[in-house]
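Here are my notes on the model you sent. Please read them with the structure open.

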Amino acid sequence: MTFSRERIFPTEERQQILKGWLRTIFLEDWMTKLIALFITLVIWYGVTGRRAPTTVRMRSVHLSFRVPSDTEISNEPVDEVEITVTGDKTRLDRLNPRDLSVVVDLSGYKTGDLVVQLRPETVNLELPTGVRLEEIEPNKIALRLETRIEKTVEVRPVFSNQPPEGYELYSTIVTPTRVRVRGAASHVEALDRISTEKINLENLTGDTIMRQVTVDLLDPKVTVLDAVVDVALKIGEQREEKSFAGVAVRETNGARALPETATVTLYGARSALEQIRPEDLLIQLTIEQDGSITPNLVLPSEMAGKVETRSIKPAGFSIAK
């Protein structure tokens with residue numbers, strides 16, 4: 001048994017139903033529906049627009065080089081580049097140039113002067129999925145690749161300020177006296193010594209050992225392998241010169257010396273020099289195998305290491321016969 005549409009819904013009735021639907025769709029609450037349509041179009045445009053490929057240029061992107069373990073870059077190439085990237089706008093908006101690093105692999109290059117091409121296919125740059133590198137500026141970098149070498153160099157202590165008034169620095173001992181450095185051959189070979197960081201002498205009035213003093217090297221192409229040293233400082237009373245006349249002169253075997261007295265100039269701390277009298281000193285003459293005569297000053301035992309002889313006058317002596 002079959003039923004026709006006409007029997008279920010008469011033609012006029014169907015027309016009335018259709019008109020009601022159309023009225024509901026297009027005329028009732030038309031303002032609300034228009035606003036909803038506008039919002040839908042805005043969202044659609046925003047989504048499809050942000051998904052469309054976008055090209056962006058980024059400045060100040062870090063540039064670094066991966067070199068073989070036995071080589072060094074000895075010149076100063078640029079360390080920042082400008083890149084052009086293409087991709088989804090949403091992902092591009094999240095990129096920060098300071099978080100990116102363009103890496104150039106130099107493992108296939110020989111030592112010498114080089115011109116390295118920077119192209120998307122020759123560098124390494126980590127980018128989000130859907131973002132690709134299009135261009136790098138500058139696209140050529142001049143490099144000098146040298147052999148890495150090591151050697152030991154002398155360490156020289158450097159000081160700031162002066163000891164308090166009335167005191168002075170007598171001497172220094174650096175331990176170790178030499179340290180190892182490593183770097184590009186031309187830079188390392190040019191070094192014969194390096195300095196410590198500045199040691200402050202202010203308020204020091206006695207012997208002091210400065211521990212773990214940093215070795216200070218300004219050349220970024222050279223690395224100090226032994227980065228710290230100890231520096232022993234000998235500090236004491238300020239020294240001066242003082243002359244003593246009428247010092248006795250004797251020949252070691254008892255022979256009479258001519259002249260029989262001489263003038264001696266000593267150098268040392270004032271307090272030590274003030275304790276010495278001319279009669280405390282003695283000049284002994286030694287006759288060498290070639291017949292020459294050598295004068296030697298004999299100091300009191302308690303002055304050993306505290307004062308030193310600057311001069312003995314007259315310079316020439318003889319032995320009376």
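1. Conventions. This is a predicted model, in which local features need pLDDT of at least 70, side-chain atom pairs count only at pLDDT 80 or more, and totals for chains, interfaces and linings use all residues. Numbering starts from 1 along each chain as its sequence is written, and side-chain values use heavy atoms, with hydrogens and water left out.

2. Overall make-up. The chain has 6 helices and 21 strands. Both are DSSP runs numbered from the N terminus: helices are H or I with at least four residues, strands are E with at least two. Of the 321 residues, 29% are buried (under 20% relative accessible area, 1.4 Å probe, protein chains only). The accessible surface is about 21200 Å² (Shrake-Rupley, 1.4 Å probe). Carbon and sulfur atoms hold 50% of that surface.

3. Contacts. Residues 24 or more positions apart account for 71% of them.

4. The open sheet. It has 5 strands, ordered β6-β4-β1-β3-β7, with mixed pairing. Strands count as paired if DSSP finds at least two bridges between them. β6 (123-124) and β7 (131-137) are the edge strands; each has a single partner, so one side of each lacks a neighbour in the sheet. Inside this order, β1 (residues 53-66) and β3 (residues 80-88) run antiparallel, joined by 8 bridges. Arg-57 stands opposite Thr-84 in β3.

5. Pairings of β14. Strand β9 (residues 167-175) runs antiparallel to β14, with 8 bridges between them. Here Thr-175 faces Asp-230 of β14 as its opposite residue. Strand β12 (residues 208-216) also pairs with β14 in the antiparallel sense, over 5 bridges. Thr-214 has Val-228 of β14 as its bridge partner.

6. Largest pocket. Its volume is about 290 Å³. A pocket is an open set of points on a 1 Å grid over the protein atoms alone, where a 1.4 Å probe fits, with protein on both sides within 12 Å along at least five of seven lines. Points join across faces, edges and corners, and the volume is the space filled by probe spheres set on them. The lining has 16 residues; closest to the centre are Tyr-170, Ala-269, Gly-305, Lys-306 and Val-307. Lining residues have an atom within 4 Å of a point.

7. Who lines it? Elements giving two or more residues are β14 (228-237), β17 (261-269), α6 (270-273) and β20 (307-313). β17 gives the most, with 3 residues.

Conventions: Buried < 20%, exposed > 50% of the residue type's maximum accessible area, 1.4 Å probe, protein only. Contact = heavy atoms within 4.5 Å.
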